[in-house]
Amino acid sequence: QDGLKYLVKSSGFRAPRLNTYIGGVSDSLHIWGCAIDFRKVGIFKTKPIPVCSALECIDSGSCWHIQLKRSKNG
């Protein structure tokens with residue numbers, strides 16, 4: 001779990017105009033709020049973040065809540 005403190009978001013939702021300005025591709029999922037970028041820092045500077053297989057989606061009524069799966073050990 002110590003490695004999770006190194007997950008530093010660098011980009012999430014982008015308005016189309018901002019996406020174009022920073023050189024994003026025209027069909028970027030950031031425009032729809034369906035993508036997130038993390039900085040390559042700490043223990044993840046040279047290896048990928050194993051986050052994709054560790055996500056869960058929860059229907060909280062008014063929104064979809066996306067989070068890292070909680071450890072069964074606490």
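What pLDDT does the chain average, and what share of the residues score at least 70? The chain averages a pLDDT of 77, and 69% of the residues score at least 70. Here pLDDT is the predictor's confidence in each residue, on a scale from 0 to 100. This is a predicted model, in which local features need pLDDT of at least 70, side-chain atom pairs count only at pLDDT 80 or more, and totals for chains, interfaces and linings use all residues. Residues are numbered from 1 along each chain as its sequence is written, and side-chain values use heavy atoms, with hydrogens and water left out.

Start with the overall layout. The chain has 1 helix and 4 strands. Read from the N terminus, the order is β-α-β-β-β. Helices (H or I, at least four residues) and strands (E, at least two) are DSSP runs, numbered from the N terminus. Helix H1 has the highest mean pLDDT, at 95. Strand E4 (residues 64-68) has the lowest, at 68.

Next comes the surface. The accessible surface of the chain is about 6,300 Å², and 57% of that belongs to carbon and sulfur atoms. Accessible areas come from the Shrake-Rupley method with a 1.4 Å probe; for residues, only the protein chains shown count as cover. Of the 74 residues in the chain, 16% are buried. Buried means under 20% relative accessible area, exposed means over 50%, and partly exposed lies in between (1.4 Å probe, protein chains only). Contacts give another view of the chain. Contact means heavy atoms within 4.5 Å. Take the contacts between residues at least 6 apart in sequence: 38% of them join residues at least 24 apart.

Now go to arginine 14. It lies in the loop between E1 and H1. Arginine 14 counts as buried, because its relative accessibility is 9%. Leaving aside neighbours within four places in sequence, arginine 14 is in contact with Asn19, Ile22, Gly24, Ser28, His30, Ile31 and Asp37.

Side chains of opposite charge can pair when their charged atoms come close. Arginine 14 and aspartate 37 meet through their side chains in a salt bridge, at 3.1 Å from N to O. The pair links distant parts of the chain: arginine 14 sits in the loop between strand E1 (9-11) and H1, aspartate 37 in strand E2, 23 residues apart. A salt bridge here is a side-chain nitrogen of Lys or Arg within 4 Å of a carboxyl oxygen of Asp or Glu. By this rule the count is 1 salt bridge. Aspartate 37 is partly exposed, because its relative accessible area is 29%.

The other is Asn19. The side chain of arginine 14 makes a polar contact with the side chain of asparagine 19, at 2.8 Å. A polar contact is a pair of N or O atoms within 3.5 Å; within protein, one must be able to donate a hydrogen and the other to accept it, and residues adjacent in sequence count only if both atoms are side-chain atoms.

Serine 28 also touches this pair. It is found in the loop between H1 and strand E2 (37-38). Serine 28 counts as buried, because its relative accessibility is 7%. Not counting residues up to four places away in sequence, serine 28 touches Arg14 and Asn19. Its side chain reaches the backbone nitrogen of histidine 30 at 3.1 Å.

Isoleucine 31 is in the loop between H1 and E2 too. At 16% relative accessibility, isoleucine 31 counts as buried. It touches Phe13, Arg14, Pro16, Asn19 and Ser26, not counting residues up to four places away in sequence. Isoleucine 31 and asparagine 19 are 12 residues apart in sequence and 7.2 Å apart in space, C-alpha to C-alpha.

Finish on the helix. Arginine 17 is in helix H1. It counts as exposed, because its relative accessibility is 75%. Leucine 18 is in helix H1 (residues 16-21) as well. Leucine 18 is partly exposed, with a relative accessible area of 41%. Together, Leu18, Tyr21 and Ile22 make a nonpolar surface patch of about 360 Å². Patches are made of residues with over 30% relative accessible area and no salt bridge: like charges are joined within 9 Å, nonpolar side chains (Val, Leu, Ile, Met, Phe, Trp, Tyr) within 5 Å.
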